Amino acid sequence: MKGDSLAKVLVALMIVSTAALADEIAPGSWQISMQTRVPTEPSFAPPAFQITQCFTPEDARDPSRILGGISNPGATGCKYTDESFAGNSFSFTMQCEGSYAIQASGHVSFTSSTMEGTIESTANVAGKPVQTQNKLTARRLGGC
């Protein structure tokens with residue numbers, strides 16, 4: 001009986017471990033797109049921002065390494081003020097220095113080969129706050 005229970009526990013642990021690994025972001029070449037919307041300027045629709053980037057194994061284990069630059073292109077001195085993981089989701093708030101003093105918050109869900117989420121930002125433009133709503137999508141293309 002004890003051997004049977006131990007076998008069931010080991011099988012359950014293997015299933016849980018495999019499921020956890022399936023939810024990690026895979027290293028490799030990724031295509032990342034972000035569509036930006038300015039709620040106060042509905043007629044202003046900039047083209048989607050798209051890049052291809054190689055994720056190292058370190059990047060893949062820590063989505064915060066990836067999302068900082070993507071969510072605030074051109075910003076400097078960005079620091080996470082809050083970040084949390086729950087299953088295959090990553091939520092964060094961030095503050096960036098520089099002339100735009102960007103504040104951002106977001107929520108991104110991911111699988112080993114896809115990411116999808118939203119990022120809301122407020123930037124100081126000519127002394128006035130400008131809010132943006134961004135939709136992020138990404139997919140793994142293959143190896144780097």
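Predicted model: local features only at pLDDT ≥ 70, side-chain atom pairs only at ≥ 80, totals over all residues.

1. Residues are numbered from 1 along each chain as its sequence is written, and side-chain values use heavy atoms, with hydrogens and water left out.

2. Strand β7 (residues 128–142) pairs in the antiparallel sense with β1 (residues 28–37) over nine bridges, and Ser-29 stands opposite Gly-142 there. β7 also pairs in the antiparallel sense with β6 (residues 114–125), over 12 bridges, with Ser-121 and Thr-132 as bridge partners. Strands here are DSSP runs of E with at least two residues, numbered from the N terminus, and two strands pair if DSSP finds at least two bridges between them.

3. The hairpin of β6 and β7 has two residues between the strands, and Ala-126 in the turn has a positive phi of about 55 degrees. Gly-127, in the loop between β6 and β7, is exposed at 63% relative accessibility; the cut-offs are under 20% relative accessible area for buried, over 50% for exposed and partly exposed in between, with a 1.4 Å probe and protein chains only.

4. The largest nonpolar core has 20 residues, of which Ile-25, Trp-30, Ile-32, Phe-55 and Met-115 touch the most other members. Such a core is a set of buried Ala, Val, Leu, Ile, Met, Phe, Trp, Tyr and Cys residues joined through side-chain atoms within 4.5 Å. β1, β4 (89–97), β5 (103–110), β6 and β7 each supply at least two residues of this core, and β4 gives the most, with four.

5. Thr-36 belongs to strand β1, and its side chain is joined to that of Asn-134 by a polar contact of 2.7 Å. The term denotes a pair of N or O atoms within 3.5 Å; within protein, one must be able to donate a hydrogen and the other to accept it, and residues adjacent in sequence count only if both atoms are side-chain atoms.

6. The structure holds five aromatic pairs, defined for rings of Phe, Tyr and Trp (its six-membered ring) with centres within 6.5 Å, where planes under 30 degrees apart count as stacked, over 60 as edge-to-face and the rest as tilted. For Tyr-80 and Phe-92 the centres are 5.6 Å apart and the planes at 80 degrees, so this pair is edge-to-face. Phe-92 is buried, at 3% relative accessible area, whereas Tyr-80 is partly exposed, at 23%.
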